[in-house]
Amino acid sequence: MTTHTYAADRTALLVVDPYNDFMSEGGKLFNAIKETADASGMFGNLRRLLPKVRSAKIQVFIVPHHRSHPHDFNGWEHINMFQKAGLPTKAFEAGTWGGEFNPEFGPQERDVVVKEHWAQSGFANTDLDLQLKQHGIQKIILVGLIANSCIESTGRFGMELGYHVTLVKDATAAFSAEGMKAAETNAPMFAHAILTTKELLERLPS
């Protein structure tokens with residue numbers, strides 16, 4: 001018998017960046033993540049995981065990237081290379097379909113939508129830590145995008161803040177196979193558990 005190690009009242013599922021631009025066909029970044037998403041089975045695994053999490057009364061937190069606006073980085077002293085390269089794409093542009101949440105993987109009733117993060121970490125310059133503490137959360141489970149960017153950065157920051165961090169390795173994707181490999185290589189440095197969707201489902205309360 002598998003031990004249920006994730007108490008519903010102390011566990012949260014963090015769904016990172018579930019925007020149409022990532023998760024809907026026709027989104028600006030959909031094709032960029034499709035190969036690794038197909039390889040990991042991300043979309044199918046999220047379809048299995050999200051209903052189970054919600055039925056188990058585990059709190060879902062939506063952890064969104066900053067929606068792009070004109071002139072976002074005007075006057076910045078230290079815009080990084082990735083931010084600069086992404087300027088022409090205008091991913092997650094405010095007021096556009098791509099900047100809306102995917103209706104299947106985005107927020108549902110009772111989910112908590114935290115403040116938008118500007119770079120990679122869902123904790124930096126947001127209310128995620130406050131919201132987790134106010135909900136009594138001790139363990140965070142990370143799914144969504146991108147494996148070696150926002151997922152990794154949020155997980156690292158969460159570990160440093162004292163949370164138990166679980167990565168679901170087949171409920172994420174990246175811009176390349178190399179990105180997925182980097183995420184896999186780095187994960188043991190900060191994660192307390194690295195599971196498949198099947199392994200996680202076996203550990204969740206009924």
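**Pocket linings and a helix pair**

I first looked up the lining of the largest pocket, whose residues divide into 14 nonpolar, 11 polar and five charged (Ala, Val, Leu, Ile, Met, Phe, Trp, Tyr, Cys and Pro count as nonpolar, Asp, Glu, Lys and Arg as charged, and the others, Gly among them, as polar). I keep in mind that this is a predicted model, where local features need pLDDT of at least 70 and side-chain atom pairs count only at pLDDT 80 or more, while totals for chains, interfaces and linings use all residues. Residues are numbered from 1 along each chain as its sequence is written, and side-chain values use heavy atoms, with hydrogens and water left out.

The largest share of that lining, four residues, comes from α4 (helices are DSSP runs of H or I with at least four residues, strands runs of E with at least two, numbered from the N terminus).

For the second largest pocket, I noted that β5 gives the most to the lining, with four residues, and that the lining divides into 12 nonpolar, two polar and three charged residues.

I then turned to the helices, where the axes of α2 (residues 30–40) and α3 (residues 42–55) come within 7 Å and cross at roughly 70 degrees (axes are lines fitted to C-alpha atoms over the stretch in contact, with angles from 0 to 180 degrees between N-to-C directions). The two helices, α2 and α3, are therefore roughly perpendicular to each other (65 to 115 degrees). Phe30, Ile33, Ala37 and Ser40 of α2 make the contact with Met42, Phe43 and Asn45 of α3 (heavy atoms within 4.5 Å), and these residues divide into five nonpolar, two polar and no charged.

Methods: Parallel < 35°, antiparallel > 145°, perpendicular 65-115°, else oblique.
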